[in-house]
Amino acid sequence: MSSVKNLDTILWTEKYRPDTLDGCILPNRIKTLLQDGVKTNMLFYGTAGIGKTTTAKAICSQFGHNTLYINGSTENSIDVVRNKISDFAMNQSILHYDNPIKVVIIDESDFMSQNALAGMRATIEQYATNTRFIFTCNYVEKIPDPIQSRFQMIDFNFTQEEQIEIKKGQFKRIIEICNKEGMSITKEAALKLLQTYYPDFRSIINHLQRYKLEGKTNIVDTDVKDSASEYSELYDMIITQDNPVENYKFVMKNYSNCVDEVISALGYPFIEYILKSKPALMGKIPVISVLNAKYQQNLKNCIDPVVVLLANIFELQMEFQK
């Protein structure tokens, strides 16, 4: 893998995040539900990277709501509900006099503590006259029924027909982003990106930015690798290399600006790599699964994601050296 320069520009996932509902890649079913703005409390649930947070922010921006954003994976205590959310809901804003309805977006609400979720029930009712809540989550079963009953549930798990519609929109957006960044991409490469990473469009955008940082301005299908191929050098390092200084340098040089994707690649894709390329190590599959689950959770609550990545890699190495 080519070395990746330090990330010194804005993340493309933010740069190309739409600020209107029309700019969001969504099926008509959801756009119709949201076309009048935030009228009620809503819970967006579905797979990661499909556009839940983008949609929540876009409708608040489009309709001019005074908005508080909470990351439920890091701000997940009852004190956040009692203080930060309540203070926001009760205070007047002179900047949004034309739209008195405030909106609290709680992203990844399935990672809030049970005490915080319980406290939300009273808070939602207390400020019902002037505040609406949008929750997003990947695992709706972790949201208690009393909370779900207070929300309009909007399913971001798309039907087969809707997936066709979404893929067409994502394909078009890939081409648009490449054009704006002075890059070219073949139809075959764009389709391969979709085939490899759908429905996680966030991951697709991150890969486009990595291509640019690596100096690739003409992307062809051979540039798009599956996870096993893309991370094979990292997998081999974990299995065979025991020099911590060199390993640290290698990880920082190549993976420090794409932590989310690399930690994901240390789970199921790593297991697939073991099954296909290193069958003698199949006995390590349980420990790969356990460690990856732990570090995916740690990533939700960390201050420095790179440290979490390094810890995952080094602990895997220690297991393979036993």
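Okay, some ground rules. What you see is a predicted model, where local features need pLDDT of at least 70, side-chain atom pairs count only at pLDDT 80 or more, and totals for chains, interfaces and linings use all residues. Residues are numbered from 1 along each chain as its sequence is written, and side-chain values use heavy atoms, with hydrogens and water left out.

Let's start with helix α4, residues 78–90. When I say helix, I mean a DSSP run of H or I with at least four residues, while a strand is a run of E with at least two, and both are numbered from the N terminus. The expected span is 1.5 Å times one less than the number of residues.

Which residues of α4 are buried? They are Ile 78, Val 80, Val 81, Ile 85, Ser 86, Phe 88 and Ala 89. Buried is under 20% relative accessible area, exposed is over 50%, and partly exposed is in between, using a 1.4 Å probe and protein chains only. The cover over those residues includes β2 (66–71), β3 (102–107), α5 (114–126) and β4 (131–137).

Next, helix α8, residues 187–197: here Ala 189, Ala 190, Leu 193, Leu 194 and Tyr 197 are buried. They cover an arc of only 140° around the axis, so they lie on the same side of α8. That arc is taken from the directions from the helix axis to the C-beta atoms. Lys 187 and Gln 195, on the other side, are exposed.

Now the cysteines. There are zero disulfides, a disulfide being a pair of cysteine sulfur atoms within 2.5 Å. Cys 60 is buried, at 3% relative accessibility. For Cys 137, the closest cysteine sulfur is in Cys 60, 17 Å away, again too far. Cys 137 is buried too, with a relative accessible area of 1%.

Leaving aside neighbours within four places in sequence, Ile 10 is in contact with Lys 15 and Gln 209, contact being heavy atoms within 4.5 Å. Ile 10 and Lys 187 are 26 Å apart, C-alpha to C-alpha.
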